[in-house]
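The sequence and the model follow.

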Amino acid sequence: MNDNLLYKWHQYFEDIGLRSDLVRSYTPYIRRCISNGVPPIFESSHLAVLVGRNPADLSAMGFGAKSYYRSFKIRKRSGGLREIQAPYPSLLEVQRWIVGEVLSSVRLPVCSTGYREGVSILDNALVHCGRKEVLKIDLKDFFPSIGFSRVVKVFIDFGYPSNVAFLLANLCTLDRKLPQGAASSPLLSNIICRDLDQRIMKICKSRRLRYTRYADDIVISGKAIPKGIRRLFFEVIASEGFQVNEKKVRFLCEGDKKIVTGLDITSGKPRPTRQFRRDLKRDVYFVWSSGLSSHVARRRIFFPNYIEQLEGRARFWEHIEPDNVQMKKTMERVVELRKLYGRQR
């Protein structure tokens, strides 16, 4: 397959009349890119053609990124606000091209469970079910802690020349760091964390522990987590350029309530938290019994698609516990509500 792609490039060069000495000089670079599973990119104008953008517009996106983002804040589950920098559609499309054509070629370790197609918080939680002890470590300011130079290195490692790597990195960063909200940030963070994942995984395997990382959420579990090993994990994390949020470190023993990526695994099987289930059943019941307008007025709810939001929460519960009797009753009521109120606008 690689030889076939290289042959097509040679045919293209012949068609455009490129000098044979230039073809010879380009061949090693093309071969390297093909072996890494990424498209060869020769310069900024070539990248502009690949992503369907005018070269001047692409340059503006790369070197004037602030003009291509909007910022807003969302509430954290733990309290407080998190700032999101979301790219406008033009830059978003370019980032999605970079993800699909370049970054997605990287094979990630199985312990990296966040932002991966076909892998969910359920898969992450299942790894730690039935384990007596659980250590939870949160990485502080995860995306902003990943700087421009580390992003450039990702593209250099693909085989790209420095000018192309710098442009690609500029298209994926804001203020010389990964923005939380860019389409490329999740996969870039996973790629950059490969060494961290492999080092912690090696430590865990030698001690019969299990390890997963869902974005900034590290979980280590086992029959018995050795005393003092926490400091070793902290040292590895620091040496890989990340900082532990010590306020969120949790060590859970047998008998403690264990929540992993939002799911309760205390019983040995993952399920939505009691609070989640109680709130959903209450909301669905009140809408079902007293009507939508009465419920949203009493609770001061301003979601324009509230029934769809209820259904989404119910579908999540169904995904986690498909045989749960209470879930099935709640889902039946949600289906009735969808028929009664239809798709909201």
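How many helices and strands are there in the protein chain? The protein chain has 15 helices and nine strands, where helices (H or I, at least four residues) and strands (E, at least two) are DSSP runs numbered from the N terminus. The model is predicted, and for that reason local features need pLDDT of at least 70 and side-chain atom pairs count only at pLDDT 80 or more, whereas totals for chains, interfaces and linings use all residues. Residues are numbered from 1 along each chain as its sequence is written, and side-chain values use heavy atoms, with hydrogens and water left out.

**Overall dimensions and composition**

Taken along the principal axes, the C-alpha atoms of the protein chain fill a box of roughly 75 × 55 × 40 Å. Of its 345 residues, 45% count as buried; buried means under 20% relative accessible area, exposed over 50%, and partly exposed in between (1.4 Å probe, protein chains only). The chain exposes about 19,000 Å², of which carbon and sulfur atoms supply 50%; accessible areas come from the Shrake-Rupley method with a 1.4 Å probe, and for residues only the protein chains shown count as cover. Among the contacts (heavy atoms within 4.5 Å) with a separation of 6 or more, 67% are between residues 24 or more positions apart.

The protein chain carries 60 positive and 35 negative side chains, and the centres of the two sets lie 7 Å apart. In this count Lys and Arg are positive and Asp and Glu negative, while His and the chain ends are not counted; the place of a charge is taken as NZ of Lys, CZ of Arg, CG of Asp or CD of Glu.

**Buried elements**

Helix α9 (residues 185-192) is largely enclosed by the rest of the structure, because eight of its eight residues are buried. These buried residues, among them P186, L187, L188 and I191, pack against α5 (89-101), α7 (148-157), α8 (162-172), α10 (194-206) and β4 (210-214).

A125 belongs to helix α6 (residues 121-126) and is buried, with a relative accessible area of 0%. Leaving aside neighbours within four places in sequence, A125 is in contact with V260, T261, L263, I265 and P270. The C-alpha atoms of A125 and Y214 are separated by 9.9 Å, although these residues are 89 residues apart along the chain.

K258 occupies the loop between β6 (250-252) and β7 (259-260). K258 is buried yet has no salt bridge, the nearest side chain of opposite charge, D256, being 5.9 Å away. Its side chain reaches the backbone oxygen of K132 at 3.5 Å. Beyond its neighbours within four places in sequence, the contacts of K258 include R131, V134, L252, C253 and D264.

R176, in the loop between α8 and α9, has a positive phi near 65°. R208, in the loop between α10 and β4, has a positive phi of about 60°. R176 is exposed, with a relative accessible area of 55%, and R208 is exposed as well, at 75%.

**Salt bridges**

A search of the whole structure finds 14 salt bridges, each a side-chain nitrogen of Lys or Arg within 4 Å of a carboxyl oxygen of Asp or Glu. The table gives three of them.

| Positive residue | Negative residue | Closest N to O distance |
| R299 | D283 | 2.7 Å |
| R315 | E318 | 3.1 Å |

R299 forms its salt bridge with D283. This pair links distant parts of the chain, with R299 in helix α13 (residues 292-299) and D283 in helix α12 (residues 274-290), 16 residues apart. R299 is partly exposed at 37% relative accessibility, whereas D283 is buried at 4%.

E311 is buried, with a relative accessible area of 18%.

R315 and E318 are three residues apart in helix α14 and therefore separated by about one helical turn. R315 is partly exposed at 38% relative accessibility, and E318 is partly exposed at 29%. Salt bridges that share partners join D279, R282, D283, R299 and R313 into one network.

Note on methods:
A polar contact is a pair of N or O atoms within 3.5 Å; within protein, one must be able to donate a hydrogen and the other to accept it, and residues adjacent in sequence count only if both atoms are side-chain atoms.
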